[in-house]
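Notebook open, new structure on the screen. I want to look up a pocket and some charged contacts, and jot down what turns up.

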Amino acid sequence: MHALALVLAYLVGSVPTAYLVGRAKGVDVRKVGSGNMGATNVYRTLGAWPAALVLAIDAAKGVLAALLLPRWLGLSDPQIWGFLLGFVAMLGHARPVFLGFQSGGKGVATAGGVFGSLTPVACAAAVAAFAVALGLTRYVSLGSLVAALVLPLAVAATQGVRSAALIASLAVSAFVIWSHRSNIARLRRGEERRLGRPGRADAAAREARGARH
């Protein structure tokens, strides 16, 4: 049953939401904007509503893997398995089997679903930190990095320093920082793009659609 849970969590995480939403609009999001399969690239390329849909579904993948799968499968320690399955879902999101294990998203929204369902107060603190950093700088990547650093601190404050939640939050924080290594390099060089108005990068999307007709 545990092996089945791991496989299911990975498959849930592997659902390429941004790719599917983009394809529904005639655009391969891997070939426009930053090429990343996350809500930010969808926002820049296709607009706010498609990005909101991607964000919601990617977060729901984390909820499904971390909260619902352990209960549905009757796993012995649903919280510990919830964190483990949530992390596996993030791995699936980053390297989705349905797209040949190519680079997917960076796992922030899925991590939000995991911790939002299992440690909502700590997750709210991380989301608030993200919002403040984004509001001050308009760098989504910097907001994600700040949230990744705040999350373990918030988990330690609310769950204790010997909790499984803290171990999970440290692992997720490290994963998010690692997945943003190219963004960190661009931030250091002053080349990272700030978040602008939705659809500002949609010229490439229109070209991609036009090439299909």
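Sorting rule before I start: Ala, Val, Leu, Ile, Met, Phe, Trp, Tyr, Cys and Pro count as nonpolar, Asp, Glu, Lys and Arg as charged, and the others, Gly among them, as polar. I'm reading a predicted model, where local features need pLDDT of at least 70 and side-chain atom pairs count only at pLDDT 80 or more, while totals for chains, interfaces and linings use all residues. Residues are numbered from 1 along each chain as its sequence is written, and side-chain values use heavy atoms, with hydrogens and water left out.

**Entry: the second largest pocket**

I looked up the lining of the second largest pocket and found 12 nonpolar residues, 1 polar and no charged. A pocket here is an open set of points on a 1 Å grid over the protein atoms alone, where a 1.4 Å probe fits, with protein on both sides within 12 Å along at least five of seven lines; lining residues have an atom within 4 Å of a point. Its space comes to about 170 Å³ (the volume filled by probe spheres set on the points, which are joined across faces, edges and corners).

Which residues lie nearest its centre? I noted Ile 80, Phe 83, Leu 84, Ala 164 and Ala 168, out of 13 lining residues. Helices α5 (78-94), α6 (108-118) and α9 (164-179) each give two or more residues to this lining; helices are DSSP runs of H or I, at least four residues, numbered from the N terminus. The largest share, 6 residues, comes from α5.

**Entry: salt bridges**

Next I searched the whole structure for salt bridges (a side-chain nitrogen of Lys or Arg within 4 Å of a carboxyl oxygen of Asp or Glu) and got 5.

One of them pairs Asp 58 with Lys 61 at 3.4 Å, N to O. Both sit in helix α4 (residues 48-72), 3 residues apart, about one turn of the helix. Are they buried or exposed? Asp 58 is buried at 3% relative accessible area, and Lys 61 is buried at 5%. My cut-offs: buried is under 20%, exposed over 50%, partly exposed in between, with a 1.4 Å probe and protein chains only.

I also found that shared partners join Arg 23, Asp 28 and Arg 30 into one network of salt bridges. Asp 28 meets Arg 23 at 3.6 Å and Arg 30 at 3.0 Å, N to O. Asp 28 is buried, at 5%, whereas Arg 23 is partly exposed, at 32%, and Arg 30 is partly exposed, at 28%.
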